[in-house]
Amino acid sequence: MRIIVSWIILAISVFATAYLLPGIHVTDFVAALWASLGLGIINAVLRPIILILTLPINILTLGLLTFVINALLVMFAAHLVDGFMVDGFVWALLFSLVLSVINGILGALIKK
């Protein structure tokens, strides 16, 4: 049950972030659900592998490479999911930042 609630919160966050950023396009809430599922799977499977492989460079850049990795994973998710489109790298970077803020706020509100 907790996973489904987290998935719906992430989908609402994706939909809200797409509404706020003009470079992110989500056709409807079902596409936001699929995008959040895709982002969740990509972040659970690929992100740890990529972070381990790029650890030396990430240490040299003081962790800033993590933002680049997040943006690239968002672009990869947009490539895989129909109805979820990102106009470019900068929009993917902004999307990942705004999404994490909105998701954190919604998650905190749900826990209370």
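Reader: Leaving aside its neighbours within four places in sequence, which residues is P22 in contact with?

Author: This is a predicted model, in which local features need pLDDT of at least 70 and side-chain atom pairs count only at pLDDT 80 or more, while totals for chains, interfaces and linings use all residues. Residues are numbered from 1 along each chain as its sequence is written, and side-chain values use heavy atoms, with hydrogens and water left out. Contact means heavy atoms within 4.5 Å. With neighbours within four places in sequence set aside, P22 is in contact with D87 and W91.

Reader: How far apart in space are P22 and W91, C-alpha to C-alpha?

Author: P22 sits in the loop between α1 (2-20) and β1 (24-26); helices (H or I, at least four residues) and strands (E, at least two) are DSSP runs, numbered from the N terminus. In sequence, P22 and W91 are 69 residues apart. In space, their C-alpha to C-alpha distance is 8.5 Å.

Reader: Is P22 buried or exposed?

Author: Buried means under 20% relative accessible area, exposed over 50%, and partly exposed in between, with a 1.4 Å probe and protein chains only. P22 has 58% relative accessibility, so this residue counts as exposed.

Reader: In what order do the elements of the protein run from the N terminus on?

Author: The secondary structure consists of five helices and two strands. Read from the N terminus on, their order is α-β-α-α-α-β-α.

Reader: What is the radius of gyration of the protein?

Author: The radius is taken over C-alpha atoms, and the globule rule is 2.2 Å times the number of residues to the power 0.38. For 112 residues a compact globule would come out near 13 Å, and the protein agrees with this because its radius of gyration is 14 Å.

Reader: What share of the contacts between residues at least 6 apart in sequence join residues at least 24 apart?

Author: The count takes contacts in the protein between residues at least 6 apart in sequence. Those that join residues at least 24 apart make up 61%.

Reader: Where in α2 does a kink lie?

Author: Helix α2 has 25 residues and reaches 34 Å from its first C-alpha to its last, close to the 36 Å expected. A bend at a residue is the angle between axes fitted to the seven residues ending there and the seven starting there. The kink is about 40°, shortly before the proline P48, at L46.

Reader: Which elements do the buried residues of α2 pack against?

Author: Buried in α2 are A31, A32, L33, A35, S36, G38, L39, I42 and L51. These residues pack against α1, β1, α3 (55-60), α4, β2 and α5.

Reader: Near what value is phi of L62?

Author: L62 lies in the loop between α3 and α4. With 77% relative accessibility, L62 counts as exposed. Its phi is positive, in a residue other than glycine, and is near 60°.

Reader: What is the relative accessible area of T66?

Author: T66 is found in helix α4. Apart from neighbours within four places in sequence, T66 is in contact with R47, L51 and N58. T66 is buried, because its relative accessible area is 17%.

Key. Expected span 1.5 Å × (residues − 1).
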